[in-house]
Amino acid sequence: SDWHLGHTLKDMDRSAEHAAFLGWLVERIRDEAPDALLIAGDIFDRSQPSPAAQRAWYEFLLAAHAARPAMAIVVIAGNHDSGARLDAPAQLLSRFKVHVVGAVPRSEANAPDAARMLGPVAAHDGTLLARVAAVPYLRPSDLPGGEDPDRWVEATRAIYAAVFAEAPDDGVPLLAMGHSYMVGGAVSEQSERKVLGGNLHALPDDIFPQNVAYAALGHLHLPQTVGRRANVR
């Protein structure tokens, strides 16, 4: 998570750093041969990324797919991303096993469409290896009753619960993704503003039930476990 492609540090271009990181990640994919790569938001540093930042993103996706064609790549938007911009090429990217959830998908009744936030991870032969509850950064406008800040945490919990409910109890591992401030999470100093209202609206780790095998979270800019759960990171 939190690549922030296009970021500058006191007006210094960081594209060389980003290129080095992305090249390193492609090498890890080639060496480790993972079944899935989960990218948990803030791909870009701004909602209207530069052409160079977008080029780096798409070139990485092509390189990652070439390094491991069988690998699923699951992507969610963070608070710095434009969900609609990430979603725009989703149909094309799906040909490269890239599943993108930028903006919260909506049903015909304009309610969050939980089923479209659940993506598969399949082996080369089509065997289902896992399902991923890919929930992007949630803005108040995405939440039922979002005009009331006192309801934000429970409304977020309800969205996750609806996505988890779409996964049948068939023994296939269930993974989760999110981009949010978590209760007890350590924030990198001067690195990132807190989601929604900060500590007041931090999400508890029990938003991920015990049947979630792994939760990949973005936003806090520090590698850490959440709620003393080694599988929620």
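Helices (H or I, at least four residues) and strands (E, at least two) are taken as DSSP runs and numbered from the N terminus. The model is a predicted one, in which local features need pLDDT of at least 70 and side-chain atom pairs count only at pLDDT 80 or more, while totals for chains, interfaces and linings use all residues. Residues are numbered from 1 along each chain as its sequence is written, and side-chain values use heavy atoms, with hydrogens and water left out.

The overall dimensions of the protein chain were examined next. A compact globule of 233 residues would have a radius of gyration near 17 Å, and the 17 Å computed for the protein chain agrees with this; the radius is taken over C-alpha atoms, and the globule rule is 2.2 Å times the number of residues to the power 0.38. The C-alpha trace spans about 50 × 45 × 40 Å along its principal axes. Of the 233 residues, 45% are buried, where buried means under 20% relative accessible area, exposed over 50%, and partly exposed in between (1.4 Å probe, protein chains only). The chain exposes about 11800 Å², of which carbon and sulfur atoms supply 52%; accessible areas come from the Shrake-Rupley method with a 1.4 Å probe, and for residues only the protein chains shown count as cover. Among contacts (heavy atoms within 4.5 Å) between residues at least 6 apart in sequence, 67% join residues at least 24 apart.

Strands are treated as paired if DSSP finds at least two bridges between them. Three strands form an open sheet in the order β3-β4-β5, with parallel pairing. Its edge strands, β3 (36-40) and β5 (98-101), each pair on one side only. The twist from one strand to the next averages 10°, with axes fitted as lines to C-alpha atoms, for helices over the stretch in contact, and angles running from 0 to 180 degrees between N-to-C directions. Between β3 and β4 (residues 72-76), the parallel pairing extends over five bridges, and Leu 38 has Val 74 of β4 as its bridge partner.

Parallel pairing also involves strand β8 (residues 174-179). Six of the six residues of β8 are buried, so this strand is largely enclosed by the rest of the structure. Leu 174, Ala 176 and Gly 178 point one way from β8, whereas Leu 175, Met 177 and His 179 point the other way. Strand β7 (residues 128-134) pairs with β8 in the parallel sense over four bridges, and Arg 131 stands opposite Leu 174. The parallel pairing of β8 with β9 comprises six bridges, with Gly 218 of β9 as the bridge partner of His 179.

Both His 179 and Gly 218 are also among the contacts of Asp 2, a residue in the segment before β1 (8-9). Asp 2 counts as buried because its relative accessibility is 14%.

His 219 and His 221 lie in the segment after β9 (212-218). Although not a glycine, His 219 has a positive phi of about 110°, and His 221, likewise not a glycine, has a positive phi of about 65°. His 219 is buried at 1% relative accessibility, whereas His 221 is partly exposed, with a relative accessible area of 26%.

Key: Lists of a residue's contacts leave out its neighbours within four places in sequence.
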